[in-house]
Amino acid sequence: VIRCLARECRILNQKLSSTSTEIEEDELGKTRFMELLSNCGVYQKVSELILKKRSNNDDSDKETPPQIHLDGLTDFLAEIEHLTPALHQARVEIAETQTVSFHPGLGELFCPGSPLVCHPDGMEGSPLGCSVVQSWYTEEFNPATSKTKRQFVLCVEFVVSVGDELVFVAASDVYPEFHDVGRNAPMKDLKHRKLDGTQNPKDAALLERLQQRGEFYASVATKNHYLEYYPDSFFPILTGGGWNSNAVRPLAKGGRIMVDVKRGILQGHLPVRRSGGGSSNEDGMADTVKEAIKLYGQGQRTGVAVPFRTAVLPDYFDGNSNSVMQQDKSNSADSDRHLLWQAWPMLTGFSFTARVWGKLLLGMPKPKVVASDGDAGRRGPTSTMIQQRPSTRRMGVEVAALGGAGSCGNCGYIKFQEAAFEQLVLAEDKKELIRAVARNSGGTTTTKWREDDFDDDDDSDDDDDVGIDVVANKGGASIFLLSGPPGTGKTLTAEAIAELLRKPLYIVTA
């Protein structure tokens, strides 16, 4: 806990040192350092001093932002190390034998800030990256048996979408005392594995792949996004909703999906599963995701601040800004982009292939091929974009985004077959008429997206582009009546138009 206090103090000082961040009182209260101070009775005083210093800073004082110093904390930690040689011995055992003792080994293995990987229930073995927040030991004496029950509590942090934004949430896991307290346990048998990206090349490669998947997750986990998923990655939601609506097996067929976490939450579909589909086994991480979504919804309705921190990301991760075309400006000192390797691996959406809501499990991207020296500095979203388009709103209807950042092993951005329209066996004059009417319907005059189309400062909802009519928003769409015997190309025409416009095709039957 003391190590956690020291680490969170450094993190808060880095945040206060960022001249681009104007920290508010609510956001300050969500920092973990201030949460720790709330247990000491000095939260209010420290908070007032920080906010007062920030508000009183004039231009000449910007170079000296307020900083927090805990006098004697470093010396206190050093004295504990000196008086407890078992701590150093535990670290030696971890490094040399790859085994860990219950006490104090687990505490030394899972230090605050350590990167970990685990496998939550219901995720079909897909890994989740997380970092240690803090850890502690507990013991409880049972007078009936005259025995003491000892446990190690591990608190980890990861990133999850609550619909409108990404937040950091914390989950706790408990390690009971080893059966043989005199023997160390192999580290490979623990539920969490510590990653060492500096010394272990395999761990460094895993962290890079987790980061790529996390950037993909952040790009599509808010707003709505039209994507393509591969076989064995989409779990349909059965009727009823809730925990017992999980399909045990994923669909063996791939297809296209509209990822929309916010709409899924409103429908009662949460991006969590339990092992075995409808199993009643408890999973702390899945319950944490459920609770975070619930608290965020309550906060939106009541205006009460949520108890978790919002992830600060470059604008192009929003999917609704013109920065989607200016990704070279994404590196910000106060950005949480480098923490996206901790992203949750599941989303919700509607499959146009299965015509049902379901849960999309994001697989790990393939390992990168070693690049040449000339390509060594190139990474991230610039090499993974396919037919990019941010989420927009026209005539009160949201147009799904295409493309984003990062990569995923079993889901990606759609490669539209725009040449399919040219394969229609129709007279050229009819094809040109259909193409012209389809492209100009709904106020859309072209499929070439310009940067001016994504101006977020314009709140007019593009009503001026719809056209002049007596009734607003009337006549913006087009209705085609295709008639003919089977095999003449009616369905193919509808599919080709959808590919031409890069939009989903909804099939409605009687």
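This report describes salt bridges, aromatic contacts, backbone features and a surface patch in a predicted model.

**Salt bridges**

| Glutamate | Arginine | N to O distance |
|---|---|---|
| glutamate 124 | arginine 273 | 3.4 Å |
| glutamate 177 | arginine 150 | 4.0 Å |
| glutamate 499 | arginine 256 | 2.4 Å |

The bridge between glutamate 124 and arginine 273 links distant parts of the chain, since glutamate 124 sits in the loop between strand S2 (115-118) and strand S3 (128-142), while arginine 273 belongs to the loop between helix H9 (261-266) and helix H10 (284-302), 149 residues apart. Glutamate 124 counts as exposed at 53% relative accessibility, whereas arginine 273, at 1%, counts as buried.

Glutamate 177 and arginine 150 also meet in a salt bridge, and here the partners are 27 residues apart, with glutamate 177 in the loop between strand S5 (166-176) and strand S6 (185-186) and arginine 150 in strand S4 (residues 147-161). Both of these side chains fall in the partly exposed class, glutamate 177 with a relative accessibility of 26% and arginine 150 with 35%.

**Aromatic contacts**

A search of the whole structure finds 14 aromatic pairs. In one of them, the ring centres of phenylalanine 352 and tyrosine 506 are 4.9 Å apart and the planes stand at 80°, and because this angle is over 60 degrees the pair is classed as edge-to-face. Phenylalanine 352 comes from the loop between strand S11 (346-351) and strand S12 (356-361), and tyrosine 506 from the segment after helix H12 (490-501), so that the pair links parts of the chain 154 residues apart. Phenylalanine 352 is buried, with a relative accessible area of 14%, whereas tyrosine 506 is exposed at 54%. Elsewhere, Phe102, Phe110, Tyr137, Phe152, Tyr175 and Phe178 form one aromatic cluster.

**Backbone features**

The peptide bond from histidine 103 to proline 104 is cis, with omega near 5°, and proline 104 lies in the loop between strand S1 (99-100) and helix H7 (105-109). Glutamine 98, in the loop between helix H6 (85-97) and S1, has a phi near 55°, a positive value in a residue other than glycine, and is partly exposed at 46% relative accessibility. Arginine 502, in the segment after H12, likewise has a positive phi, of about 60°, but counts as buried at 12% relative accessibility.

Helix H8 (residues 201-220) has 20 residues, which at 1.5 Å a residue should span 28 Å, and the 29 Å between its end C-alpha atoms agrees with that expectation. The N-terminal end of H8 is capped by asparagine 200, a side-chain oxygen of which lies 2.9 Å from the backbone nitrogen of lysine 202.

**Surface patch**

Which residues make the nonpolar surface patch of about 330 Å²? They are Leu433, Val437, Phe480 and Leu482. Leucine 433 lies in helix H11 (residues 428-440) and counts as exposed, with 55% relative accessibility.

Technical notes:
Residues numbered from 1 in each chain as written. Predicted model: local features only at pLDDT ≥ 70, side-chain atom pairs only at ≥ 80, totals over all residues. Heavy atoms only, no water. Helix = DSSP H or I, 4+ residues; strand = E, 2+ residues; numbered from the N terminus. Expected span 1.5 Å × (residues − 1). Polar contact = N/O pair within 3.5 Å; in protein donor to acceptor, adjacent residues only side chain to side chain. Patch = residues over 30% accessible without salt bridge, like charges linked within 9 Å, V, L, I, M, F, W, Y side chains within 5 Å. Areas by Shrake-Rupley, 256 points an atom, 1.4 Å probe, with all protein chains shown as cover. Salt bridge = Lys/Arg side-chain N within 4 Å of Asp/Glu carboxyl O. Buried < 20%, exposed > 50% of the residue type's maximum accessible area, 1.4 Å probe, protein only. Phe/Tyr/Trp six-rings, centres within 6.5 Å; stacked < 30°, edge-to-face > 60°.
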